[in-house]
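Today I am opening my notebook on aromatic rings. I want to see who pairs with whom, and where the partners sit.

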Amino acid sequence: MTEQLKVITKSVDLMEYTYRATENKEFFPIKYKTLIYRMQNLCLDIYHYSIAANRLNVTLQKQERIILHTRAITACDELSCLIELSHSLNRINIKKMEIWQNKINDVKNLTLAWRTSDSKR
């Protein structure tokens, strides 16, 4: 499987995990809806940027691809911060935070590798 497909697959996994975690009203009651929506939207953004980058020609649209990679990486960082905030607010335990952070890091590291690969072409 290529780096691009791994990133997309891991992004889908991250979206699914995020939606399942945030739909649990025991951990995220309605008063946290802004936090919930932001986390969900960041996951959608990460997926969107990856798909959009994959559709661009690396030779003809290299700079645009790199910009999309950077946006995905930034969205990963923002999501990571919100996961830490969720833990600080006692919405999730340390184990759930670690699992979630590992999923984010998988996507981020694959995207970093993909961006590096594209920049060398």
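Predicted model: local features only at pLDDT ≥ 70, side-chain atom pairs only at ≥ 80, totals over all residues.

Tyr 17 comes out at 17% relative accessibility, and since buried means under 20%, I noted Tyr 17 as buried.

Next I looked up Trp 100. Its relative accessibility is 0%, so Trp 100 goes down as buried too.

Then I turned to Phe 28 and its ring partner. Phe 28 and Trp 100 pair edge-to-face, with 6.5 Å centre to centre and 90° between the planes. Phe 28 sits in the loop between helix 1 and helix 2 (33-55), while Trp 100 belongs to helix 4, so this pair ties together parts 72 residues apart in sequence. I checked Phe 28 for burial as well: at 0% relative accessibility, Phe 28 counts as buried.

How many aromatic pairs does the structure hold? I found two. The other one joins Tyr 17 and Trp 100, again edge-to-face, at 5.7 Å centre to centre and with 75° between the planes. Why does this pair tie together parts that are 83 residues apart in sequence? Tyr 17 lies in helix 1 (residues 3-22) and Trp 100 lies in helix 4 (residues 94-120), so the contact spans that separation.

Terms used
Residues numbered from 1 in each chain as written. Heavy atoms only, no water. Phe/Tyr/Trp six-rings, centres within 6.5 Å; stacked < 30°, edge-to-face > 60°. Helix = DSSP H or I, 4+ residues; strand = E, 2+ residues; numbered from the N terminus. Buried < 20%, exposed > 50% of the residue type's maximum accessible area, 1.4 Å probe, protein only.
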